[in-house]
Amino acid sequence: MAEPAGPGRSWLPALAVAGCIAIELAMATAPVGFAVRVAALLALASTAVALSLRQALGGLASRALRLAVMGPVVFSIVLTVVLTLDACARRGGLLR
Amino acid sequence: MTGPGGLPLAGAAAVPPGRIGMAIFLGSDVMGFSGLLLAYALLRAQAPAWPDPALRFDRLLAAVLTALLLASSATMSAALGAGRAGGPAARRWLLATAALGAAFVVGQTVEFGALATRHHLGLAADQAASIFYVVTGFHGLHVVVGVVLLLAAARHPAREPLEVVSLYWQFVDLIWLVIFTVVYLLPVGTRG
(Lines give C-alpha, C1' and ligand atoms only; values in the text may rest on other atoms or scores of the structure.)
Protein backbone atom coordinates (compact mmCIF):
# COMPACT_ATOMS: atom_id res chain seq x y z
CA MET A 1 0.00 0.00 0.00
CA ALA A 2 1.26 3.46 -0.80
CA GLU A 3 2.34 5.48 2.24
CA PRO A 4 0.75 8.90 2.66
CA ALA A 5 2.74 11.90 1.55
CA GLY A 6 5.06 13.86 3.83
CA PRO A 7 4.31 16.70 6.24
CA GLY A 8 3.29 19.16 3.51
CA ARG A 9 0.11 17.31 2.53
CA SER A 10 -0.60 15.99 5.99
CA TRP A 11 -2.45 19.18 6.96
CA LEU A 12 -5.07 18.81 4.23
CA PRO A 13 -7.28 16.11 5.86
CA ALA A 14 -7.16 17.95 9.19
CA LEU A 15 -8.15 21.19 7.42
CA ALA A 16 -11.05 19.43 5.69
CA VAL A 17 -12.24 18.03 9.03
CA ALA A 18 -11.83 21.47 10.63
CA GLY A 19 -14.00 22.91 7.83
CA CYS A 20 -16.74 20.38 8.59
CA ILE A 21 -16.61 21.23 12.30
CA ALA A 22 -16.71 24.97 11.56
CA ILE A 23 -19.85 24.49 9.44
CA GLU A 24 -21.30 22.33 12.22
CA LEU A 25 -20.78 25.15 14.71
CA ALA A 26 -22.46 27.58 12.32
CA MET A 27 -25.37 25.16 11.83
CA ALA A 28 -25.77 24.71 15.58
CA THR A 29 -26.62 28.39 15.95
CA ALA A 30 -28.23 29.07 12.57
CA PRO A 31 -31.95 29.98 12.51
CA VAL A 32 -33.12 26.76 10.87
CA GLY A 33 -35.70 24.15 11.79
CA PHE A 34 -34.96 21.42 14.33
CA ALA A 35 -35.03 18.51 11.86
CA VAL A 36 -32.85 20.37 9.33
CA ARG A 37 -30.35 21.24 12.05
CA VAL A 38 -30.14 17.66 13.34
CA ALA A 39 -29.80 16.24 9.82
CA ALA A 40 -27.10 18.77 8.89
CA LEU A 41 -25.15 18.19 12.11
CA LEU A 42 -25.22 14.41 11.68
CA ALA A 43 -24.27 14.63 8.00
CA LEU A 44 -21.34 16.97 8.71
CA ALA A 45 -20.16 14.85 11.64
CA SER A 46 -20.33 11.71 9.48
CA THR A 47 -18.26 13.43 6.80
CA ALA A 48 -15.67 14.58 9.35
CA VAL A 49 -15.48 11.09 10.89
CA ALA A 50 -15.17 9.44 7.46
CA LEU A 51 -12.31 11.79 6.55
CA SER A 52 -10.57 11.16 9.87
CA LEU A 53 -11.08 7.41 9.60
CA ARG A 54 -9.56 7.39 6.13
CA GLN A 55 -6.53 9.24 7.44
CA ALA A 56 -6.20 7.05 10.55
CA LEU A 57 -6.50 3.74 8.72
CA GLY A 58 -3.93 4.79 6.10
CA GLY A 59 -1.15 3.72 8.47
CA LEU A 60 -2.35 0.13 8.77
CA ALA A 61 -0.73 -0.95 5.49
CA SER A 62 -2.99 -3.98 5.11
CA ARG A 63 -6.49 -4.26 3.71
CA ALA A 64 -7.33 -7.12 6.07
CA LEU A 65 -6.31 -5.05 9.10
CA ARG A 66 -8.31 -2.05 7.91
CA LEU A 67 -11.34 -4.32 7.58
CA ALA A 68 -10.64 -5.70 11.08
CA VAL A 69 -11.02 -2.17 12.46
CA MET A 70 -13.87 -1.16 10.16
CA GLY A 71 -15.94 -4.23 11.14
CA PRO A 72 -16.45 -3.18 14.79
CA VAL A 73 -16.86 0.47 13.70
CA VAL A 74 -19.68 -0.32 11.26
CA PHE A 75 -21.24 -2.84 13.66
CA SER A 76 -21.22 -0.27 16.48
CA ILE A 77 -22.69 2.50 14.31
CA VAL A 78 -25.50 0.29 12.98
CA LEU A 79 -26.32 -1.07 16.45
CA THR A 80 -26.34 2.41 18.01
CA VAL A 81 -28.53 3.90 15.28
CA VAL A 82 -31.03 1.01 15.28
CA LEU A 83 -31.38 0.88 19.08
CA THR A 84 -31.66 4.67 19.34
CA LEU A 85 -34.34 4.81 16.67
CA ASP A 86 -36.15 1.97 18.45
CA ALA A 87 -36.02 3.85 21.77
CA CYS A 88 -37.24 7.05 20.11
CA ALA A 89 -40.07 5.23 18.35
CA ARG A 90 -41.18 3.67 21.65
CA ARG A 91 -41.30 7.16 23.16
CA GLY A 92 -43.53 8.26 20.31
CA GLY A 93 -41.22 10.54 18.35
CA LEU A 94 -38.23 10.06 16.11
CA LEU A 95 -36.19 13.01 17.26
CA ARG A 96 -35.77 14.69 20.62
CA MET B 1 6.88 -15.20 9.29
CA THR B 2 5.91 -18.83 8.67
CA GLY B 3 2.79 -20.88 9.16
CA PRO B 4 2.34 -24.60 9.98
CA GLY B 5 5.05 -26.74 8.41
CA GLY B 6 7.34 -23.76 7.98
CA LEU B 7 5.50 -22.49 4.90
CA PRO B 8 5.60 -18.68 4.50
CA LEU B 9 2.31 -16.90 5.19
CA ALA B 10 1.33 -14.70 2.28
CA GLY B 11 1.53 -11.03 3.25
CA ALA B 12 2.08 -11.77 6.94
CA ALA B 13 5.58 -10.32 7.03
CA ALA B 14 4.31 -7.01 5.61
CA VAL B 15 2.40 -6.04 8.77
CA PRO B 16 4.42 -5.40 11.94
CA PRO B 17 2.91 -6.95 15.11
CA GLY B 18 2.52 -3.55 16.80
CA ARG B 19 0.04 -2.42 14.18
CA ILE B 20 -1.90 -5.69 14.41
CA GLY B 21 -2.12 -5.29 18.19
CA MET B 22 -3.25 -1.67 17.91
CA ALA B 23 -5.85 -2.60 15.27
CA ILE B 24 -7.30 -5.24 17.61
CA PHE B 25 -7.27 -2.80 20.53
CA LEU B 26 -8.98 -0.06 18.50
CA GLY B 27 -11.64 -2.50 17.31
CA SER B 28 -12.55 -3.31 20.91
CA ASP B 29 -12.15 0.30 22.05
CA VAL B 30 -14.57 1.52 19.40
CA MET B 31 -17.17 -0.86 20.81
CA GLY B 32 -16.51 0.49 24.31
CA PHE B 33 -17.14 4.06 23.18
CA SER B 34 -20.12 2.87 21.18
CA GLY B 35 -21.61 1.34 24.34
CA LEU B 36 -21.26 4.65 26.17
CA LEU B 37 -22.72 6.65 23.28
CA LEU B 38 -25.58 4.18 23.05
CA ALA B 39 -26.21 4.64 26.78
CA TYR B 40 -26.24 8.42 26.18
CA ALA B 41 -28.68 8.06 23.28
CA LEU B 42 -31.02 5.74 25.18
CA LEU B 43 -31.01 7.90 28.31
CA ARG B 44 -31.73 10.98 26.23
CA ALA B 45 -34.46 9.28 24.21
CA GLN B 46 -36.24 7.90 27.26
CA ALA B 47 -35.84 10.79 29.70
CA PRO B 48 -38.97 12.91 30.35
CA ALA B 49 -36.87 16.05 29.82
CA TRP B 50 -33.31 16.68 28.68
CA PRO B 51 -31.29 19.87 29.29
CA ASP B 52 -30.41 21.99 26.26
CA PRO B 53 -26.68 21.57 25.60
CA ALA B 54 -26.51 25.18 24.38
CA LEU B 55 -27.55 26.39 27.84
CA ARG B 56 -25.69 23.86 29.95
CA PHE B 57 -22.25 23.71 28.31
CA ASP B 58 -19.68 26.31 27.34
CA ARG B 59 -19.70 25.65 23.59
CA LEU B 60 -16.91 28.11 22.95
CA LEU B 61 -14.58 26.19 25.26
CA ALA B 62 -15.69 22.91 23.67
CA ALA B 63 -14.96 24.37 20.21
CA VAL B 64 -11.49 25.44 21.38
CA LEU B 65 -10.87 21.93 22.74
CA THR B 66 -11.97 20.49 19.40
CA ALA B 67 -9.62 22.86 17.56
CA LEU B 68 -6.77 21.70 19.81
CA LEU B 69 -7.42 18.07 18.93
CA LEU B 70 -7.74 18.85 15.21
CA ALA B 71 -4.43 20.72 15.32
CA SER B 72 -2.89 17.77 17.16
CA SER B 73 -4.16 15.45 14.43
CA ALA B 74 -2.31 17.56 11.86
CA THR B 75 0.90 17.68 13.92
CA MET B 76 0.68 13.91 14.42
CA SER B 77 0.45 13.44 10.65
CA ALA B 78 3.43 15.75 10.25
CA ALA B 79 5.38 13.70 12.82
CA LEU B 80 4.52 10.54 10.93
CA GLY B 81 5.58 12.09 7.64
CA ALA B 82 8.88 13.24 9.15
CA GLY B 83 9.40 9.82 10.76
CA ARG B 84 8.81 8.01 7.46
CA ALA B 85 11.25 10.35 5.75
CA GLY B 86 13.77 9.69 8.54
CA GLY B 87 14.01 13.39 9.37
CA PRO B 88 14.86 14.85 12.78
CA ALA B 89 11.63 16.89 12.85
CA ALA B 90 9.60 13.88 14.03
CA ARG B 91 10.48 14.49 17.68
CA ARG B 92 9.51 18.16 17.44
CA TRP B 93 6.14 17.33 15.90
CA LEU B 94 5.52 14.60 18.49
CA LEU B 95 6.22 17.03 21.32
CA ALA B 96 3.89 19.58 19.70
CA THR B 97 1.18 16.90 19.51
CA ALA B 98 1.72 15.97 23.17
CA ALA B 99 1.52 19.66 24.16
CA LEU B 100 -1.77 20.07 22.29
CA GLY B 101 -3.11 16.90 23.95
CA ALA B 102 -2.04 18.16 27.37
CA ALA B 103 -3.75 21.49 26.66
CA PHE B 104 -6.93 19.57 25.81
CA VAL B 105 -6.77 17.74 29.15
CA VAL B 106 -6.23 21.02 31.02
CA GLY B 107 -9.17 22.59 29.17
CA GLN B 108 -11.40 19.64 29.97
CA THR B 109 -10.42 19.82 33.63
CA VAL B 110 -11.30 23.53 33.64
CA GLU B 111 -14.67 22.69 32.04
CA PHE B 112 -15.42 19.97 34.60
CA GLY B 113 -14.41 22.30 37.43
CA ALA B 114 -16.63 25.12 36.14
CA LEU B 115 -19.60 22.78 35.75
CA ALA B 116 -19.18 21.29 39.21
CA THR B 117 -18.50 24.49 41.15
CA ARG B 118 -20.12 27.35 39.24
CA HIS B 119 -23.17 25.50 37.93
CA HIS B 120 -23.39 22.92 40.75
CA LEU B 121 -23.53 20.09 38.24
CA GLY B 122 -21.71 17.24 39.92
CA LEU B 123 -21.48 13.67 38.72
CA ALA B 124 -24.77 12.77 40.39
CA ALA B 125 -26.72 15.98 39.61
CA ASP B 126 -28.91 14.31 36.98
CA GLN B 127 -28.79 11.66 34.25
CA ALA B 128 -27.50 14.14 31.69
CA ALA B 129 -24.63 15.26 33.92
CA SER B 130 -23.70 11.68 34.86
CA ILE B 131 -23.50 10.41 31.29
CA PHE B 132 -21.71 13.61 30.21
CA TYR B 133 -18.94 13.11 32.77
CA VAL B 134 -18.64 9.40 31.98
CA VAL B 135 -18.42 9.82 28.20
CA THR B 136 -16.13 12.86 28.13
CA GLY B 137 -14.09 11.58 31.10
CA PHE B 138 -13.53 8.22 29.41
CA HIS B 139 -12.32 10.07 26.33
CA GLY B 140 -10.15 12.37 28.46
CA LEU B 141 -8.53 9.29 29.97
CA HIS B 142 -7.67 8.14 26.45
CA VAL B 143 -6.10 11.53 25.73
CA VAL B 144 -3.97 11.28 28.91
CA VAL B 145 -2.77 7.81 27.86
CA GLY B 146 -2.08 9.19 24.38
CA VAL B 147 0.03 12.04 25.75
CA VAL B 148 2.10 9.51 27.74
CA LEU B 149 2.54 7.37 24.61
CA LEU B 150 3.52 10.44 22.55
CA LEU B 151 6.14 11.48 25.11
CA ALA B 152 7.49 7.92 25.20
CA ALA B 153 7.66 7.82 21.40
CA ALA B 154 9.37 11.24 21.33
CA ARG B 155 12.28 9.92 23.41
CA HIS B 156 13.35 7.59 20.58
CA PRO B 157 11.25 8.45 17.50
CA ALA B 158 11.64 5.17 15.60
CA ARG B 159 9.29 4.55 12.73
CA GLU B 160 7.24 1.61 14.02
CA PRO B 161 6.28 3.05 17.44
CA LEU B 162 5.40 6.26 15.59
CA GLU B 163 3.01 4.38 13.30
CA VAL B 164 1.31 2.69 16.26
CA VAL B 165 1.01 5.88 18.36
CA SER B 166 -0.28 7.77 15.31
CA LEU B 167 -3.01 5.20 14.79
CA TYR B 168 -4.09 5.52 18.44
CA TRP B 169 -4.01 9.33 18.41
CA GLN B 170 -6.00 9.68 15.20
CA PHE B 171 -8.68 7.43 16.68
CA VAL B 172 -8.83 9.46 19.89
CA ASP B 173 -9.33 12.59 17.76
CA LEU B 174 -11.94 10.91 15.61
CA ILE B 175 -14.01 9.77 18.57
CA TRP B 176 -14.00 13.30 19.98
CA LEU B 177 -15.66 14.54 16.77
CA VAL B 178 -18.59 12.20 17.48
CA ILE B 179 -18.75 13.18 21.16
CA PHE B 180 -18.57 16.89 20.32
CA THR B 181 -21.46 16.63 17.87
CA VAL B 182 -23.69 14.36 19.93
CA VAL B 183 -23.12 15.80 23.41
CA TYR B 184 -22.46 19.51 22.75
CA LEU B 185 -24.26 20.38 19.50
CA LEU B 186 -27.28 18.13 18.97
CA PRO B 187 -30.28 20.30 19.88
CA VAL B 188 -33.14 19.25 22.12
CA GLY B 189 -36.51 18.87 20.40
CA THR B 190 -39.72 20.52 21.47
CA ARG B 191 -41.46 17.20 22.18
CA GLY B 192 -41.72 16.01 25.82
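Predicted model: local features only at pLDDT ≥ 70, side-chain atom pairs only at ≥ 80, totals over all residues.
Figure 1. Of the 96 residues in chain A, 27% are buried. Among the contacts in chain A with a separation of 6 or more, 48% are between residues 24 or more positions apart. The mean pLDDT of chain A is 79, and 82% of the residues score at least 70. For chain B the mean pLDDT is 88, with 91% of the residues at 70 or more. The model as a whole has an ipTM of 0.80 and a pTM of 0.86.

**Figure 2. Confidence along chain A.** Confidence in chain A is lowest in α1(A), where the mean is 81, and highest in α2(A), where it is 87. Over residues 1-8 of chain A the pLDDT stays under 50. For this stretch the model has ten contacts beyond four places in sequence.

**Figure 3. The two assigned domains of chain A.** The domain assignment divides chain A into domain 1 (9-60) and domain 2 (62-96). Taken over C-alpha atoms, the centres of domain 1 of chain A and domain 2 of chain A are separated by 18 Å. Five residues from domain 1 of chain A and five residues from domain 2 of chain A take part in the contact. On the side of domain 1 of chain A that touches domain 2 of chain A, there are five nonpolar residues, no polar residues and no charged residues.

**Figure 4. The interface between chain A and chain B.** In this view, 45 residues of chain A are in contact with 46 residues of chain B. The helices α1 (7-29), α2 (34-57) and α3 (63-91) of chain A each contribute at least two residues to the side of chain A that touches chain B. The most is given by α3(A), with 14 residues. Sorted by class, the side of chain A that touches chain B has 29 nonpolar, eleven polar and five charged residues.

**Figure 5. Helix α3 of chain A and its surroundings.** Helix α3(A) has 29 residues and extends 41 Å from its first C-alpha to its last, close to the 42 Å expected at 1.5 Å a residue. Within α3(A), the buried residues are Leu65(A), Val69(A), Thr80(A) and Cys88(A). The elements that cover the buried residues of α3(A) include α2 of chain A and α1 (17-46) of chain B.

**Figure 6. Helix α4 of chain B and the residues that it buries.** Helix α4 (residues 89-117) of chain B contains 29 residues and spans 42 Å from its first C-alpha to its last, close to the 42 Å expected at 1.5 Å a residue. Its buried residues include Ala90(B), Trp93(B), Leu94(B), Phe104(B), Gln108(B) and Leu115(B). Among the elements covering the buried residues of α4(B) are α3 (59-85), α5 (127-155) and α6 (159-185) of chain B.

Figure 7. Thr75(B) is part of helix α3 of chain B. Thr75(B) counts as buried because it has 25 C-beta neighbours inside 10 Å, and the cut-off for a buried residue is 20 or more. Apart from its neighbours within four places in sequence, Thr75(B) is in contact with Trp93(B), Ala96(B), Thr97(B) and Leu100(B). Thr75(B) and Ala98(B) are 23 residues apart along the chain, and their C-alpha atoms are separated by 9.4 Å.

**Figure 8. Gly107(B) in helix α4 of chain B.** Gly107(B) belongs to helix α4 of chain B. With 16 other C-beta atoms within 10 Å, Gly107(B) is partly exposed. Not counting residues up to four places away in sequence, Gly107(B) touches Leu61(B), Val64(B), Leu65(B) and Leu68(B). Gly107(B) and Ala62(B) are 45 residues apart in sequence, yet 8.5 Å apart in space, C-alpha to C-alpha.

**Figure 9. His120(B) in a loop of chain B.** His120(B) is located in the loop between α4 and α5 of chain B. Although His120(B) is not a glycine, it has a positive phi of about 55 degrees. His120(B) is exposed because 9 other C-beta atoms lie within 10 Å, and the cut-off for an exposed residue is 12 or fewer.

Note on methods:
Residues numbered from 1 in each chain as written. Chains lettered and ligands numbered in written order. Contact = placed C-beta atoms within 7 Å. Helix = DSSP H or I, 4+ residues; strand = E, 2+ residues; numbered from the N terminus. Nonpolar A, V, L, I, M, F, W, Y, C, P; charged D, E, K, R; others polar. pLDDT = per-residue confidence, 0-100. Domains from an automatic or database assignment. Expected span 1.5 Å × (residues − 1).
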